[in-house]
Structures are given as structure tokens and as C-alpha cells.
Amino acid sequence: YQTHSKMRINGGLAKGIPLRVTKTNKLRPATDANRERLFSSLGHFIQEKSILDLFAGTGSYGLEALSRGARSATFVEADRKVFRDLKLNLANTAKSAKLTPDAGCLENRDVIEFLRHCDDTFDLVFLDPPYSEFTQLGSIVLELLKSRNLVGADSLLVHESPPEEMKDFPGWSLIKTLGKEKRGSPSYRFYKLSQPESFQ
């Protein structure tokens, strides 16, 4: 195990709380600088929102959102070892930010299986799967979010991805890209559900 000395909550009530990071090649924790840029860009959108953190890893996105005023966050992570640290990170953040016990919900499950059985609707979804798996999983995840009504018309999906990843998905509109689109360096893509063409 190692705790990245740099891996902390960047802002809000739990600012400065260190996050435990499991040593595994599956994890690619978002750097503090990248997360800071993302959350500055999201600004007040976070307030009182319900968050879904898919392939949550350390939980840094959902925890950052809770620290900054989100109403609740659901974390989905299949890896058992990683999940143990995620649990600890949530407990520490919740204590520091004085969150209610039900603010964070932890799901130690496969993401696709979770989405197939979930009935909630979320305002903000963080999607940060292992890059190698995204090619197979990406379109299934986006399709399930849409077809099972897990997101609404005003919901936002944020996908961290290198520019070479596919970015067009049926039923979704790419509304913004944050960060430089240069090979190998991740940027954030913001999606919303495409609005049906209004009748003229």
C-alpha cells in the first residue's frame, strides 16, 4: 500500500484530507492539478447534486464533489482491494466534511451489472474507466445510463480520456472539452443527453 503524498481533497469542507491509493497498475488516479481544473470548471453546478462515480478507484471525484457541497455520491468499484481503500477514504472525508452517513453509498460491484439494476437518477456522472477497457465498455455504459434513465435532461457526464479515445456516442452530445487534446494526455469531455429535435 502507499498513500500518494500528493493525493488529497483539493477544496471544500474536507480540503487537505489525504486519500489512500492502492498500489495496483489498474489505478490511474487523477492528479490534483487536473481535478482542481475540473472542479473549478464545474463550479456551483456541484451544489446539492447527486453524483455517480463509476470505476471509482480512490473515489477522488465523488469525494471531492461531496467535500464541495454535493448532496450525495454513489461509488462503484469492482476491485476488492481498491474498494477497501475507497471505504476508508469515504469515512475520512465524511468525518472531515461532517457529512450525514447516507451521503456516500459504496457499491463493490461490476459497473455494467450495477447500471443494469440501478433505479436512481443522477445529476452528475464521473466516468473514468481504465483506458484499456473503455473501448469495450464505453458505449455500453453510456447506452445503459441513457436507456435506464439514470440521467436526466440536465444531467452532466464527465469522461476523463486521452484524445485518441472515441468520443461520439449515440444519444449524447459532447458539449465541452477541458484540457489539451494531445496524445496520451487526458482531457475531460463533458456530455449531456442529446435533446430530441423539436418539431418545427
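Predicted model: local features only at pLDDT ≥ 70, side-chain atom pairs only at ≥ 80, totals over all residues.
The residues of α1 that are buried are Asn34, Arg35, Leu38, Phe39 and Leu42, and because they fall within an arc of 125° when seen down the helix axis, they line one face of α1. In general, an α-helix has 3.6 residues a turn, so residues three or four places apart point the same way. After α1 comes Gly43, which has a positive phi near 50°.

## Nonpolar cores

The largest nonpolar core holds 31 residues, of which Leu38, Leu42 and Phe126 touch the most other members. At least two residues of this core come from each of α1 (32-42), α2 (60-67), β2 (72-76), α3 (80-97), β4 (122-127), β5 (151-161) and β7 (187-193).

Leaving aside residues up to four places away in sequence, the contacts of Phe126 include Leu38, Phe39 and Leu42, and among its other partners are Ile51, Leu52, Asp53, Leu54, Tyr61, Gly62, Ala65 and Val158.

## Positive phi in two loops

Most residues other than glycine have a negative phi. Lys98, although not a glycine, has a positive phi of about 50°; Lys98 is found in the loop between α3 and β3 (104-107), and its relative accessibility of 73% means that it counts as exposed.

Asn149, also not a glycine, has a positive phi near 55°. Asn149 lies in the loop between α5 (131-147) and β5, where it is exposed, with a relative accessible area of 53%.

Terms used. Residues numbered from 1 in each chain as written. Heavy atoms only, no water. Core = buried A, V, L, I, M, F, W, Y, C linked by side-chain atoms within 4.5 Å. Buried < 20%, exposed > 50% of the residue type's maximum accessible area, 1.4 Å probe, protein only. Helix = DSSP H or I, 4+ residues; strand = E, 2+ residues; numbered from the N terminus. Contact = heavy atoms within 4.5 Å. Arc of directions from axis to C-beta.
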